[in-house]
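Please have the sequence and the 3D view open as you go.

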Amino acid sequence: MALVNVAVELAKRGRRVLAVDFDLEAPGLDTFDVMQPREQVPGIIDFVSQYLVSGRAPEASQFISETSHIGEQGGGLWIMPSGRPDTYSSNFNQIDWGVLYDERDGYLLFEDLKEQWNRVVKPDYVLIDSRTGHTDTGGICSRQLPDAVVILFFPNEQNLRGLTRVVSDIRAETVEPRKKTIELHFVMSNVPDLDDEDRILDHKIKAFQEQLGFRREPMIVHRYDSLSLLNQVVFAKDRPRSRLAEEYRDLARAISERNWADRDGALDYIRRMGRDWRGMEDETIQARDSMLLEIERAHSKDGEVLFRLGELRADDGQAEWAASLTYQAIDAGYDGPDGYLARSRIRARNGDPAGAEEDALRVLESREVSPPMARAAISRIRSPVPQQIAESVAVVSMDADEQMWLAGMLNHSPDEALLAIPILQHIVRLDDFSATNRQSAEAELALAYMAVGRCSDTVQLLRPEGRSIGDMGIEDAFNYGMAVWGDTGTIETQPFERVLQLHSSIKRREAEPNYLQCMAIAYWATGDNAAAARYADEAEHAVETRRSAPAFSCWRYCRVNTGTFVADMNEIRALINGDTSRTPFFMTEGTAASTDPQNLLF
């Protein structure tokens, strides 16, 4: 059942799959509808019998048939059955497997068969159904033929005892003479899906792990109560949304990700290795690197695989290797925005700002760009033009919420705020934007205006005709008061009084540094210098406890690092102590940014 479902799943993914029925004591692959050959052919038993008579390996093509109507995108499913039903018993009983190997070169016979499989079917996968436990043919299926063995077991003591020797024999292949490493996949099968209050299953899993010598959690195929099983329904084909089908898909993925030649499997392997080194589970670091090298060789012309390998090498601290793979990926046709963004970073690090900017602009030409990617690309552009950024394909393709996020992240300098302004101006004009969202966009636009010294625009935005200060929330009231100060050069106390009125009714457990900073200014503006000084100290303490995390400073209307925030607080303390020559940064430096001729294009 597991083999058939995995075979169908792989064929649906476009893989060429050969299923071989080597469970000679209880054959039955061809009893499944999907495994019915297009033409009846003899099988393994007949192949060996003819060899024993003639002394020559028969043509394997005579014993293999393609099945019908399975496979997509070039995939297909072939079967080599166990043998002809009419002569099966007599042929089976006449084969002495010990004599075949000891006296008739049985090992070479099956090596020849492997080569014929490759020539006749050119399979991506050969899936062999083998008899459970120790049998005359067990070593052929679990040691000679496979690259990997899937061990399905019910987690009880009987199976643990039987598997101990089987697993030990398979692992013994790693030593002389063959030095062959066979991957082991442990799968608990037919497990009841019940509460495990006494942790019976957990204890059994631990016992299997300890005695069989593996660390990873075994995969599970749960017991599935369905009368469809009586009809041998292939769930991967006929009920693909069922839990059972998903569990067989997990098994197919586990098999394919250890196949470096399988593109999808290779990408799955790279993703898993990139998430956590501990994801290696039973694999050594050397085996991991060997697998990655095989993937790189097998997919040397596949841009996406090369790019993902580059990301992984970068995570490993192998910057030069990562850079080489990124360049190869783009040369191989991987022209996604993440590729160009990665190369932009590499070029910037290597002292090529023009190349970094070129790649960053390519990122903004794509529709498939997330807001964080756009933010990173913009940071690589040396002299970005606000309207050009706002009208780029990447930004225009975003929805309003994504544009809001991007504009909100462009707040680390007046120059960045200039880029945010046309984006936010577009958002506030949208007809289908809710009143709440538009209010948020206007608040962000007010901050951007302030950062570049456009205080009069903030005044008009926050207090249109008919709106009173008493209608304002705490943020709008504070920003309006700062905007009036910047626009007229004088302090209007009413908005700051509104701030303190609302502040008294707000319960805050841990105030942000920016909030405490704003309260210091509000208390100073209303004449309470003692409270202002206290809040200034709290703001500085709060930002220092954040260590390196940036904080928004209302002295600049930009997000700044800890050192700059502390410097701004020193300016505010001087103001509180009577030095009225101190004025916020946005009133001077921000104004210079807003009047740069290049920035007037919008």
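This is a predicted model: local features need pLDDT of at least 70, side-chain atom pairs count only at pLDDT 80 or more; totals for chains, interfaces and linings use all residues.

**The chain as a whole**
- The protein chain contains 29 helices and nine strands.
- Its radius of gyration is 35 Å, whereas a compact globule of 602 residues would come out near 25 Å.
- Along the principal axes, the C-alpha atoms of the protein chain fill a box of roughly 110 × 55 × 45 Å.

**Burial, surface and contacts**
- Of the 602 residues in the protein chain, 49% count as buried.
- The protein chain has an accessible surface of about 29600 Å², and carbon and sulfur atoms account for 46% of that area.
- If you take the contacts between residues at least 6 apart in sequence, 66% of them join residues at least 24 apart.

**A three-stranded sheet**
- Three strands make up an open sheet with parallel pairing, in the order β5-β6-β7.
- Strands β5 (148-153) and β7 (219-222) sit at the edges, each pairing on one side only.
- From one strand to the next, the twist averages 25°.
- Strand β6 (residues 183-191) runs parallel to β7, and four bridges join the two.
- To find this pairing in the viewer, look for V187, which stands opposite M219 in β7.

- Helix α10 (residues 243-256) lies across β5, β6 and β7.
- Relative to β7, helix α10 runs at about 155°.

Definitions and conventions
Residues are numbered from 1 along each chain as its sequence is written. Side-chain values use heavy atoms; hydrogens and water are left out. Two strands pair if DSSP finds at least two bridges between them. Axes are lines fitted to C-alpha atoms, for helices over the stretch in contact, and angles run from 0 to 180 degrees between N-to-C directions. Contact means heavy atoms within 4.5 Å. The radius of gyration is taken over C-alpha atoms; the globule rule is 2.2 Å times the number of residues to the power 0.38. Buried means under 20% relative accessible area, exposed over 50%, partly exposed in between (1.4 Å probe, protein chains only). Accessible areas come from the Shrake-Rupley method with a 1.4 Å probe; for residues, only the protein chains shown count as cover.
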